[in-house]
Amino acid sequence: VTAASYFSTQIYKAKLSRGWASLNQDLSEVVAELRSHDREGISWSKKNYPGGYTSFHSLSELHRLNGAFRELELALAPHLKSYLAKLDYQANASSFVMTDCWVNVMPAGCTHPAHIHPSSVISGTYYVAVPDGAPGIKFEDPRSGLFMHQPPRKSSARRENRTYVELAVRPGDLVLFESWLRHEVPQNRASKERVSVSFNYSC
Ligand SMILES: [Fe+2]
């Protein structure tokens, strides 16, 4: 008798091994600057990201514009390589390029609804500020739309059998996932801001 798990969905989580505290300090300074000067992003966020700020629709290639973000890109590279090694794609790690890199600021009460990152292969987020009580990142079983007549899972279901999985994160952590995997950030119930940098890779 065999009963094994197939069709895996792999999510990679790690902490930058060193230098993350000073990198986060540098990134925070750039984020503060963007929040007060990125007029296009401020206006887009006002309409579409209530209470929060994202540079995704204004400055989405920060790794090409700023040294601290370039440093983050370099620090992420070995993690991307480790993650790709687990995915068994035919494409070489060296053919992957970071195409987008932007910031997200979520003050108290802000939510980031469920979405995917179309046109990318690997996406991820690096955490700059995660106050106590702020949410992690929540993923949905990508097969959810196919489950006809499936009974609900137990609240004690094993991790691999859950429909939703929320990973807790701390500053200096990074999470990588395949871009088609639907994810969201639940409401920030902490009184302080949650700050992260998200990015996409293509090959
Ligand atoms: Fe996302």
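1. Ser119. In this predicted model, Ser119 is exposed, with a relative accessible area of 73%. Its place is the loop between strand S4 (112-115) and S5. Check the backbone here: phi is positive, about 75°, although Ser119 is not a glycine.

2. Asp88. Asp88 is not a glycine either, and its phi is positive, near 60°. The residue sits in the loop between H3 and S3. Its relative accessible area is 69%, so Asp88 counts as exposed, the cut-off being over 50%.

3. Ser60. This serine belongs to the loop between S2 and H3. Is Ser60 buried or exposed? Its relative accessibility is 19%. Buried means under 20%, so Ser60 counts as buried. Leaving aside residues up to four places away in sequence, Ser60 touches Ser55, Thr99, Asp100, Cys101 and Trp102.

4. The iron site. Which atoms coordinate the iron ion? They are NE2 of His115, NE2 of His117 and NE2 of His183, at 2.0 to 2.1 Å. Along the chain, the donors follow the spacing H-x1-H-x65-H. Water is not among the atoms, so the site may look incomplete. Two of the ligands can be set side by side. His117 is buried, with a relative accessible area of 9%. His115 is partly exposed, at 22%.

5. Helix H1, length. H1 covers residues 20-37, which is 18 residues. At 1.5 Å a residue, the helix should span 26 Å. The C-alpha atoms at its ends are 25 Å apart, which agrees.

6. Helix H1, buried face. Leu23, Asn24, Leu27, Val30, Val31 and Leu34 are buried in H1. Seen down the helix axis, the buried residues fall within an arc of 130°, so they line one face of H1.

7. What covers H1. The cover over the buried residues of H1 includes helices and strands. Among the helices are H2 (39-48) and H3 (67-87). Among the strands are S2 (53-54), S3 (97-106), S5 (122-129) and S10 (194-202).

8. The largest pocket. About 710 Å³ of space lies in it. How many residues line the largest pocket? The lining has 23 residues. Nearest the centre are Ser8, Thr9, Arg159, Glu160 and Asn161. Strands S6 (137-140) and S7 (164-167) each supply at least two lining residues. The largest share of the lining, 3 residues, comes from S7.

Conventions: Residues are numbered from 1 along each chain as its sequence is written. This is a predicted model: local features need pLDDT of at least 70, side-chain atom pairs count only at pLDDT 80 or more; totals for chains, interfaces and linings use all residues. Side-chain values use heavy atoms; hydrogens and water are left out. Donors are N, O and S atoms within 2.8 Å of the metal (3.2 Å for Na, K and Ca); water is not among the atoms, so sites may look incomplete. Buried means under 20% relative accessible area, exposed over 50%, partly exposed in between (1.4 Å probe, protein chains only). Helices (H or I, at least four residues) and strands (E, at least two) are DSSP runs, numbered from the N terminus. The expected span of a helix is 1.5 Å times one less than its number of residues. The arc is that of the directions from the helix axis to the C-beta atoms. Contact means heavy atoms within 4.5 Å. On a 1 Å grid over the protein atoms alone, a cavity is a set of points where a 1.4 Å probe fits but cannot get out, and a pocket is an open set with protein on both sides within 12 Å along at least five of seven lines; lining residues have an atom within 4 Å of a point. Grid points are joined across faces, edges and corners, and a volume is the space filled by probe spheres set on the points.
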